[in-house]
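Hi there,

Here is the structure I promised to pass on. Have a look at it first, and then read on for what turned up.

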Amino acid sequence: MSKQHLGHTARKRFGQNFLHDNYVIDQIVTVIAPKKDQHMVEIGPGLGALTEPVCELIDALTVIELDRDLAARLRTHPFIANKLTIVEADALKYDFSQLLLQDNSSDDKPLRIFGNLPYNISTPLMFHLFSFANKVQDMHFMLQKEVVNRLAASPGNKSYGRLSVMAQYHCQIIPVLHVPPGAFNPPPKVDSAVVRLVPHQQKPVSLINEDTLHKVCAQAFNQRRKTIRNSLKESLSEQQLIDLDINPELRAENLSLQQYAKIANAVDSLA
């Protein structure tokens with residue numbers, strides 16, 4: 001067991017849980033498979049549990065770290081400091097497209113993003129990252145297992161929700177690894193999992209306006225016990241749903257991404 005967490009107390013407000021199980025760390029790095037000349041970005045490097053083994057395989061890594069103490073620690077790291085570009089920023093607000101502008105390479109390589117995400121911000125952070133999906137090759141995140149289940153869920157599944165629909169619109173979702181609580185210090189009260197998100201080269205549905213899909217999903221899932229006749233009545237009438245060949249008796253979790261896209265496009269056509 002590594003003692004790298006000694007000297008830094010995990011901060012609850014940052015949702016910090018530090019990875020310390022070397023077997024699990026090796027598995028995660030193998031799954032990420034970093035290669036030289038790729039544009040690797042780590043969100044929340046913490047004490048460097050993933051940062052160090054990734055840096056052994058590549059020459060340069062950008063890290064986004066909000067905790068000043070941890071950023072300072074990485075700046076003076078005896079082995080990897082010279083490979084790191086440290087961005088002290090809140091990943092939730094950070095403009096990831098800046099990283100491409102700063103890259104001196106002529107071909108603007110897409111970003112490969114990874115991280116052990118603080119569970120309290122993981123869902124809003126993924127929504128934020130989806131807005132940069134066209135600049136990203138892939139993303140590997142350690143998340144609460146329940147969040148990975150939600151990302152990958154299909155219609156009719158109790159985990160299926162707005163996150164499932166929007167994530168699957170932007171990316172292919174591949175759960176790759178289960179991680180037990182004991183791999184962390186302090187151990188979280190939940191199981192974790194690593195998921196691979198690969199942005200679609202071509203979106204699975206075509207939309208007039210992406211924001212409308214967001215809005216329609218929010219309306220439907222905010223009242224998920226109601227039939228869509230009721231939850232979506234501000235957007236479309238019962239007859240309009242029938243005209244789209246969508247049963248108004250269905251509930252939010254019964255509709256596929258394709259059906260949500262149909263509804264969103266109908267709303268925009270009426271506007």
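To start you off: where does Asn 254 lie? Asn 254 is in the loop between helix H10 (238-243) and H11. Please keep in mind throughout that this is a predicted model.

Asn 254 counts as partly exposed, because its relative accessibility is 34%. Setting aside neighbours within four places in sequence, Asn 254 is in contact with Pro 155, Gly 156 and Gln 259.

Asp 245 is not a glycine, but has a positive phi of about 65°. With a relative accessible area of 66%, Asp 245 is exposed.

Now for the inside. The largest nonpolar core has 59 residues, and those with the most contacts inside it are Ile 43, Phe 96, Ile 113, Phe 141, Leu 151, Leu 197 and Tyr 260. The biggest contribution to this core, seven residues, comes from helix H11 (residues 257-270). Apart from it there is another core, of 28 residues, including Leu 19, Leu 61, Ile 80 and Ile 86. As background, nonpolar side chains tend to be buried together in soluble globular proteins.

Not counting residues up to four places away in sequence, Ile 113 touches Val 41, Ile 43, Phe 96, Leu 129, Val 136, Asp 138, Met 139, His 140 and Phe 141.

Next, the aromatic rings. A search of the whole structure finds five aromatic pairs. One of them is Tyr 94 with Phe 96, an edge-to-face pair at 5.1 Å centre to centre and with 85° between the planes. Tyr 94 counts as buried at 7% relative accessibility, and Phe 96 counts as buried at 1%. Together with Phe 132, Tyr 94 and Phe 96 form one aromatic cluster.

Phe 127 and Phe 130 are also an edge-to-face pair, because their planes are at 80°, with the ring centres 6.0 Å apart. Both lie in helix H5 (residues 122-130), three residues apart, or about one turn of the helix. Phe 127 is buried at 17% relative accessibility, and Phe 130 is buried with a relative accessible area of 4%. A ring also features elsewhere: the charged end of Lys 203 sits over the ring of Tyr 169, 5.4 Å from its centre.

Which side of H1 do its buried residues take? In H1 (residues 22-32), Val 24, Ile 25, Ile 28, Val 29, Val 31 and Ile 32 are buried. They cover an arc of only 160° around the axis, so they are on the same side of H1. Tyr 23 and Thr 30, on the other side of H1, are exposed.

Both ends of H1 have something to show. Just after H1 comes Ala 33, with a positive phi of about 50°, in the loop between H1 and strand S2 (39-43). Ala 33 is partly exposed, with a relative accessible area of 27%.

Finally, a cis peptide bond joins Asn 185 and Pro 186, with omega about -10°. Pro 186 is in the loop between strand S8 (184-185) and strand S9 (192-199).

Best wishes

Notes. Residues numbered from 1 in each chain as written. Predicted model: local features only at pLDDT ≥ 70, side-chain atom pairs only at ≥ 80, totals over all residues. Heavy atoms only, no water. Core = buried A, V, L, I, M, F, W, Y, C linked by side-chain atoms within 4.5 Å. Buried < 20%, exposed > 50% of the residue type's maximum accessible area, 1.4 Å probe, protein only. Helix = DSSP H or I, 4+ residues; strand = E, 2+ residues; numbered from the N terminus. Contact = heavy atoms within 4.5 Å. Phe/Tyr/Trp six-rings, centres within 6.5 Å; stacked < 30°, edge-to-face > 60°. Lys NZ or Arg CZ within 6 Å of the ring centre and 35° of its normal. Arc of directions from axis to C-beta.
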